[in-house]
Amino acid sequence: MRHHLSHLDQLEAEAIYIIREVAAECEKPVMLYSIGKDSSVMLHLAMKAFYPEKPPFPFLHVNTTWKFKEMIDFRDRKAKELGIEMIEHINQEGVEQGINPFDHGSAYTDIMKTQSLKQALDQYEFTAAFGGGRRDEEKSRAKERVFSFRNKNHAWDPKNQKPEMWKLYNTRINKGESMRVFPLSNWTEKDIWQYIKRENIDIVPLYFAKERPVVERDGNIVMVDDDRLKLEPGEEIKHKKVRFRTLGCYPLTGGVESEAETLDEIIDETLGAVSSERTSRVIDQEAAGSMERRKREGYF
Amino acid sequence: MKGLLKFITCGSVDDGKSTLIGHMLYDAKLLFADQEKALELDSKVGSRGGEIDYSLLLDGLMAEREQGITIDVAYRYFTTDNRSFIVADTPGHEEYTRNMAVGASFADLAVILVDATKGVITQTKRHARICALMGIKHVVLAVNKMDLIGFDQKRFEEIKNDFLQMTYGFNLESVQVIPVSATEGDNITKNSENTLWYDGKALLPYLEDIEVEEDVDQEEFVMPVQRVSRPNHTFRGFQGQVEAGHIKVGDELITLPSQEKANVKSILVTDHEVSEAGAGQPVTVQLDREVDVSRGCVITTSENIQVTDMFTATILWMDDTELVEGRNYLVKVGTKLLPGTVMSIKNKIDINTGKEVPADKIFKNELVECDISLSENMVFDKFENNEALGGLILVDRVTNMTSACGVIKHELRRSTNVVWQDTDVTREVRAQQKGQKPLTLWFTGLSGSGKSTLANEVEKRLVATGHHTMLLDGDNVRHGLNKNLGFKEQDRVENIRRIAEVGKLMNDAGLIALTSFISPYDSDRQNAREIIGDSYIEIFVSTPLEVCEERDVKGLYKKARAGEIPNFTGISSPYEKPENPEIEIDTSKYSLEEATDYVVKEIMKYLD
């Protein structure tokens with residue numbers, strides 16, 4: 001234990017160690033970039049890990065075409081500012097078939113996210129992909145290794161994970177297999193926010209409360225980001241001061257009514273939170289174990 | 001506020017680990033409302049009736065819920081007013097011991113549970129032993145299900161004593177034994193009314209207070225190199241995490257295994273330039289000169305970090321297939337990954353007793369002591385000195401499974417012709433350690449021929465050139481080892497036999513022995529040659545009798561001529577000249593320096 005290192009210093013050191021190990025040992029790594037706050041922290045850590053070098057791997061954004069506009073603007077601005085390689089992947093088959101979150105439900109998530117991610121990883125032959133997943137997010141994630149093995153079909157076998165001892169990560173894979181690597185495994189939502197504040201990390205403005213056009217649907221507050229969102233009978237667009245605790249596809253990401261306009265206010269709200277963050281993801285409420293099922297099938 | 005505490009819960013299945021942590025989080029109001037709701041919901045459909053089943057909070061995998069057991073480690077994060085915690089809840093089934101070890105390698109403290117109705121059982125011992133192996137120094141024994149034995153203090157004390165006896169010798173810094181009930185909540189977050197006889201803290205307050213930090217700041221600086229950063233021609237930085245000690249700009253470092261010295265030119269902690277850095281920090285270090293350093297090398301200020309291609313380790317075998325002697329694996333220590341072979345399985349460690357027992361075959365979840373030989377040199381330290389350079393994993397080269405984890409006990413050196421099925425440290429190993437070929441340089445010749453003077457000079461030369469030697473002088477040995485022997489023929493035979501045996505022992509120890517005895521009988525010298533074997537080098541100091549008698553350094557010839565010394569070689573007892581000595585020198589023809597030059601030159605032929 002290093003008594004002079006703060007809790008955040010320890011988490012930062014651990015994440016940087018992991019990121020450097022991947023760069024040193026894995027053949028063709030990529031960092032998944034979802035534009036959310038966890039991705040922003042992970043990108044920031046990658047920039048720090050290799051300084052004065054740039055990160056020696058590209059970044060990949062799997063675009064479902066249903067992301068908030070502000071997210072895409074932010075992504076393009078950051079990539080340019082930092083001088084990093086940003087790959088965008090869209091499942092064109094899905095687009096051609098008109099797959100959308102309103103008509104296709106969980107099939108949409110599978111086709112535009114899970115399948116799309118697999119397509120991208122196969123196409124570029126990436127052997128290791130960093131993800132911003134944290135163990136405090138969900139029960140099955142709480143059991144996942146930092147270096148998480150995927151077979152040729154990108155599937156995770158939770159009953160047969162390889163032991164992971166100390167910092168001696170086993171990065172060995174055979175051809176066609178790959179790794180998912182989670183440098184933020186041991187961070188909590190609170191750690192993420194405190195680190196964003198400490199490091200002054202740029203995040204998408206959607207995290208801050210602002211008056212936005214929304215509709216209420218199935219108990220969730222959904223933002224009307226463009227005219228593809230069709231109002232159902234009885235629904236009306238309201239302007240409410242909301243913010244988002246997680247970012248994803250706008251029709252699937254519930255906002256929360258909030259007055260938190262600054263990082264400090266967000267942190268206060270988070271520390272006093274009575275609801276863990278994934279409840280604002282609509283798809284999670286289906287059934288206990290839904291996340292594990294999706295992960296086994298290759299969802300990140 | 002105290003620093004982060006990483007701890008694990010372990011113990012046998014159904015001892016109530018998940019329930020304990022679940023209850024702790026629930027009572028300490030550390031759950032989010034929706035998790036609490038989900039917990040109550042899950043409990044209703046679960047198999048344990050309508051009561052809240054706290055273990056459902058942690059048993060996250062579907063298979064675990066179905067079987068009601070914990071397969072893999074679950075990590076939980078919580079913060080009280082006093083401390084932040086990461087708890088790894090580990091599986092109790094023997095089948096999943098390797099997952100328990102994963103948790104143990106991560107933690108600073110272990111909460112080991114026992115069922116009060118069962119006491120300390122094999123699985124308790126297995127887990128305690130693995131915790132100790134993985135370097136955990138602080139242990140809490142939670143004696144659970146106290147409610148089922150009516151909070152019986154006597155039974156509690158028995159279990160406590162069993163555990164303390166078992167862990168004696170584990171090198172633990174603290175052990176606390178607490179009576180609890182995970183389902184009822186006794187002594188979890190506050191002291192229970194049911195155990196007024198218990199005067200220690202309840203579990204959570206104990207965990208909030210305990211000090212587990214080790215002061216690694218005072219140690220020598222150690223940094224295994226993760227990667228070399230070369231963004232341009234002017235910058236070459238070594239990136240890694242400082243594992244111990246600290247450095248400042250200007251400090252002199254040693255690179256390993258290349259053993260070069262260089263000074264620190266600049267230090268970056270992440271993207272900040274700093275003048276010094278310490279343990280735990282991610283750094284990029286530039287040195288003031290070109291050195292041969294790449295990933296897997298170590299930069300350090302320590303003189304004690306070792307470089308070897310063979311070591312002895314205690315490992316936990318984690319693969320479903322058996323451990324086979326002579327199989328090749330990839331060995332990872334620090335940031336170095338190398339092919340290596342498990343050369344010999346020395347023994348396995350009995351989980352119950354901790355005793356070493358002979359082992360033919362090693363199966364999953366067994367603790368084994370073995371020798372591992374590497375394809376090239378690797379930088380390491382004993383695990384007890386430095387976890388980062390003393391922990392290892394073995395990776396199967398075909399399946400890529402992490403087949404074993406372990407800790408390095410000590411190094412071994414390889415010899416060119418050692419048969420390693422023989423597990424003993426051999427004569428060759430010791431010789432290799434000294435970097436020389438052991439010889440017995442047997443100086444023979446008349447009294448006064450100059451044997452001792454010459455042997456003395458030769459030894460000085462050998463030592464000066466880095467050899468390890470031992471001079472056995474006739475007169476000196478007679479004062480100690482052979483003081484019960486006289487000068488009759490049978491005593492002289494025994495005298496020489498003993499000297500030869502001692503020479504052989506010296507050779508076995510890797511030393512070059514020099515013996516200086518008259519040893520007049522051919523049969524005795526033959527005997528010595530047989531005892532000592534190939535290492536025997538006979539040096540006949542052939543100075544003529546007249547010269548010896550004229551020198552008469554000790555006045556012995558005079559006494560012998562006067563009949564005062566019976567059986568004096570050359571006078572009243574024969575000297576049988578060696579027929580084919582390896583080296584012959586007549587000191588009457590050369591100066592001491594010339595004679596020494598000649599003999600050393602001849603010896604070198606046998607040393608190469």
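This is a predicted model: local features need pLDDT of at least 70, side-chain atom pairs count only at pLDDT 80 or more; totals for chains, interfaces and linings use all residues.
Residues are numbered from 1 along each chain as its sequence is written, with chains lettered from A and ligands numbered from 1 in the order in which they are written.

So, confidence. Chain A averages a pLDDT (the predictor's per-residue confidence, from 0 to 100) of 86, and 88% of its residues score at least 70. Over residues 278-288 of chain A, though, pLDDT stays under 50.

Now the domains, with bounds from an automatic or database assignment. Domain 1 of chain A covers 7-191 + 290-296, and domain 2 covers 200-285. Their C-alpha centres are 23 Å apart. In contact terms (C-beta atoms, placed from the backbone, within 7 Å), 25 residues of domain 1 of chain A meet 22 of domain 2 of chain A. On the domain 1 side, α3(A) gives the largest share, 5 residues.

Over to chain B. Strands here are DSSP E runs of at least two residues, numbered from the N terminus, and pairing takes at least two DSSP bridges. Strand β11(B), residues 252-256, pairs antiparallel with β12(B), residues 260-269, over 4 bridges. The two form a hairpin with 3 residues between them, and B:Gln259 in the turn has a positive phi of about 60 degrees. β11(B) also runs antiparallel to β16(B), residues 298-300, joined by 3 bridges. Look at B:Thr255: its bridge partner in β12(B) is B:Glu260, and in β16(B) B:Thr255 stands opposite B:Ile299.

Note on methods: Two residues are in contact if their C-beta atoms, placed from the backbone, lie within 7 Å.
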